[in-house]
Amino acid sequence: MLIFSVAPTGKVTSEVFIVSGKMVNFYLIQGTEGVVAVDTGPSKQDASDQLETLGIEPSQVGAVFLTHSDYDHTGGLALFPQARLYLGQGEEPLVTGKVRRMLGRFNKPLDRPYSLLTDGQTVTEAGLTMQAISTPGHTPGSTSYRVNEKWLFTGDTVRLVKGHVVPFINFINMNTRVQMASIRKLARLDGIELLGTAHHGVSYDYAIAMQAWRAAS
Ligand SMILES: [Zn+2]
């Protein structure tokens, strides 16, 4: 599918790895006391194969932070049975079957207890400071994560087209207008050295990526 441009598995900074799972990327961040995952890709097998190429043991991953509950982000969760699980508070109705995702379908329930994060909430995992930033639109509980104040992972809240942020694909967003407000909110963040998307690779130039949205906010 040409609408996505997924990056190959590898290092994007000395402590951040991008992991390829066919049509989607997820991220592993090396902390002083272990590894954190932001999303998990579409399947346990994919995640397992890719971690092997990176030389990272699944048991090193102590926590998984989900940007949202779509299967291509949660399918690899089973590879990390020991990991603590976090997601945005607004996503809970999608994993408990209270709200349908799209085309009448429900997202799958999660396989373990989880902690719900509110907007701006910070938790420490693996020695990393993980801040949840509520960015609804793609789904009601879509959440971006700012790690150690400098690396930002946005799930399906943004696409990158030639280095510039644009909204995600309208057809699979639950509310693109709300998403655009979320992007304007993200555009106000300072000190971001890496922007990591789930389907369109990374940007190292946040000012350029967010240029149009900063002017609008
Ligand atoms: Zn996705």
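Ala126 sits in the loop between β8 and β9 (128-134). Helices (H or I, at least four residues) and strands (E, at least two) are DSSP runs, numbered from the N terminus. This is a predicted model, in which local features need pLDDT of at least 70 and side-chain atom pairs count only at pLDDT 80 or more, while totals for chains, interfaces and linings use all residues. Residues are numbered from 1 along each chain as its sequence is written.

**The seven-stranded sheet**

- An open sheet of 7 strands runs in the order β1-β2-β3-β4-β5-β6-β7, with mixed pairing. Two strands pair if DSSP finds at least two bridges between them.
- The edges are β1 (10-11) and β7 (115-117). Each has a single partner strand, so one side of each is left without a neighbour in the sheet.
- Strands of a sheet pair through backbone hydrogen bonds, either parallel or antiparallel.
- β2 (residues 16-21) and β3 (residues 24-31) are antiparallel and share 6 bridges. Within this pair, Val19 has Phe26 of β3 as its bridge partner.
- β5 (residues 61-65) and β6 (residues 84-88) run parallel, with 3 bridges. Phe65 stands opposite Tyr86 in β6.
- β6 and β7 are also joined by 3 bridges and run parallel. Here Gly88 faces Leu117 of β7 as its opposite residue.

**The six-stranded sheet**

- Another open sheet has 6 strands in the order β8-β9-β10-β11-β14-β15. Its pairing is mixed.
- β8 (122-125) and β15 (202-203) are the edge strands, and each pairs on one side only.
- β10 (residues 143-147) pairs with β11 (residues 151-153) in the antiparallel sense, over 3 bridges. Arg146 stands opposite Leu152 in β11.

**The β12-β13 hairpin**

- β12 (residues 158-161) and β13 (residues 164-167) run antiparallel and are joined by 4 bridges. The bridge partner of Val161 is His164 in β13.
- The two strands form a hairpin with 2 residues between them. Lys162 lies in the turn, with a positive phi of about 50°.
- Is Lys162 buried or exposed? Lys162 is exposed, because 6 other C-beta atoms lie within 10 Å. The cut-offs are these: buried means 20 or more other C-beta atoms within 10 Å of a residue's own, exposed means 12 or fewer, and partly exposed is in between, with C-beta atoms placed from the backbone.

- Ala126 has a phi near 55°, a positive value in a residue other than glycine.
- Ala126 counts as partly exposed because it has 18 C-beta neighbours inside 10 Å.

**Two buried loop residues**

- Gly41 is in the loop between β4 (34-38) and α1 (44-54). Gly41 is buried, with 29 other C-beta atoms within 10 Å.
- Which residues does Gly41 touch, not counting residues up to four places away in sequence? They are Val19, Gly21, Val24, Phe26, Asp46, Ala47, Gly75 and Gly76. Contact requires the two C-beta atoms, placed from the backbone, to lie within 7 Å.
- Gly41 and His138 are 97 residues apart along the chain, and their C-alpha atoms are separated by 17 Å.
- Ile192 is in the loop between α4 (176-187) and β14 (194-196). Ile192 counts as buried, with 20 C-beta neighbours inside 10 Å.
- Residues up to four places away in sequence aside, Ile192 touches Lys150, Leu152 and Tyr206. Leu152 is the β11 residue that stands opposite Arg146.
- Ile192 and Ser5 are 187 residues apart along the chain. Their C-alpha atoms are separated by 22 Å.

**The nonpolar core**

- In soluble globular proteins, nonpolar side chains tend to be buried together.
- The largest nonpolar core has 51 residues. Such a core is a set of buried Ala, Val, Leu, Ile, Met, Phe, Trp, Tyr and Cys residues joined through C-beta atoms within 7 Å.
- Tyr27, Ile29, Val36, Ala37, Val64 and Phe65 touch the most other members.
- β3 gives the largest share of this core, 5 residues.
- Val64 touches Ala37, Thr40, Leu77, Phe80, Ala83 and Leu85, not counting residues up to four places away in sequence.
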